[in-house]
Amino acid sequence: FRHRCEIHEDWAERKEEMLQSRDFKSCRLNDVKAMKKKHEAFESDLAAHQDRVEQIAAIAQELNALEYHDITTVNTRCERICAQWDRLGTLTTQRRAALDEAARILEEIDTLHLDFAKR
């Protein structure tokens, strides 16, 4: 249980930092499009990681059923991981929306530049 939790927590901590980044704010359109592709790949990785979180929760349930002596610690850690998982889902949705909006704005600016250049 501990080993799986440690692996997940290390993975999730790095991802949470990446999702909170506003690194796209000063990028050009091509950079934002590349970031969107990278984010899509992350979303696939996140979906694959769902199974690991479910395994951690299942192990915690099994330890509860077996009346493990340190079940309070197990339950607390499992709850923290589930809360972090929910936060990752929210941050993923927010970053996707922010990247989409940044791409839309930059595409509009490019269109305006082209229209201006045609005059």
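Modeller: Helices (H or I, at least four residues) and strands (E, at least two) are runs assigned by DSSP and numbered from the N terminus. Arg 80, for instance, is found in helix α3. The model is predicted, so local features are described only at pLDDT of at least 70 and side-chain atom pairs only at pLDDT 80 or more, while totals for chains, interfaces and linings use all residues. Residues are numbered from 1 along each chain as its sequence is written, and side-chain values use heavy atoms, with hydrogens and water left out.

The protein has three helices and zero strands, and along the sequence the pattern reads α-α-α. The C-alpha atoms fill a box of roughly 75 × 20 × 15 Å along the principal axes. Of contacts (heavy atoms within 4.5 Å) between residues at least 6 apart in sequence, 85% join residues at least 24 apart. Buried residues (under 20% relative accessible area; exposed is over 50%, partly exposed in between; 1.4 Å probe, protein chains only) make up 30% of the 119 residues.

Helix α1 covers residues 2–20. The expected span of a helix is 1.5 Å times one less than its number of residues. For the 19 residues of α1 that gives 27 Å, and the end C-alpha atoms are 27 Å apart, so the two agree.

Which residues of α1 are buried? They are Cys 5, His 8, Glu 9, Trp 11, Ala 12, Glu 16 and Leu 19. An α-helix has 3.6 residues a turn, so residues three or four places apart point the same way. The cover over the buried residues of α1 includes α2, residues 29–65, and α3.

Several of these residues belong to a nonpolar core, meaning buried Ala, Val, Leu, Ile, Met, Phe, Trp, Tyr and Cys residues joined through side-chain atoms within 4.5 Å. The largest such core has twelve residues, among them Cys 5, Trp 11, Ala 12 and Leu 19. Phe 42, Leu 46, Val 53 and Ile 56 are also members, as are Ile 81, Trp 85, Leu 88 and Leu 91. Each of α1, α2 and α3 supplies at least two residues of this core. Another core, of ten residues, lies apart from it and includes Phe 24, Val 32, Met 35 and Leu 106.

Start with Cys 5. Beyond its neighbours within four places in sequence, Cys 5 is in contact with Ile 56, Arg 77 and Ile 81. Arg 77 lies in helix α3, which runs over residues 71–118. Arg 77 counts as buried because its relative accessible area is 15%. Setting aside neighbours within four places, the contacts of Arg 77 are Phe 1, Arg 2, Cys 5, Glu 6 and Glu 9. Arg 80, in the same helix α3 as Arg 77, is partly exposed, because its relative accessibility is 47%.

With a relative accessible area of 6%, Val 53 is buried. Apart from neighbours within four places, Val 53 is in contact with His 8, Ile 81 and Trp 85. Between Val 53 and Arg 14 there are 39 residues in sequence and 16 Å in space, C-alpha to C-alpha.

Trp 11 brings in the aromatic rings. Rings of Phe, Tyr and Trp (its six-membered ring) pair if their centres lie within 6.5 Å; planes under 30 degrees apart count as stacked, over 60 as edge-to-face and the rest as tilted. By this rule there are two aromatic pairs. The rings of Trp 11 and Phe 42 have centres 6.3 Å apart and planes at 15°, so this pair is stacked. The pair links distant parts of the chain, with Trp 11 in helix α1 and Phe 42 in helix α2, 31 residues apart. Trp 11 and Phe 42 are both buried, and together with Trp 85 they form one aromatic cluster.

For contrast, look at Glu 67, in the loop between α2 and α3. Glu 67 is exposed, because its relative accessible area is 68%. Glu 67 also has a positive phi of about 55°, although it is not a glycine.
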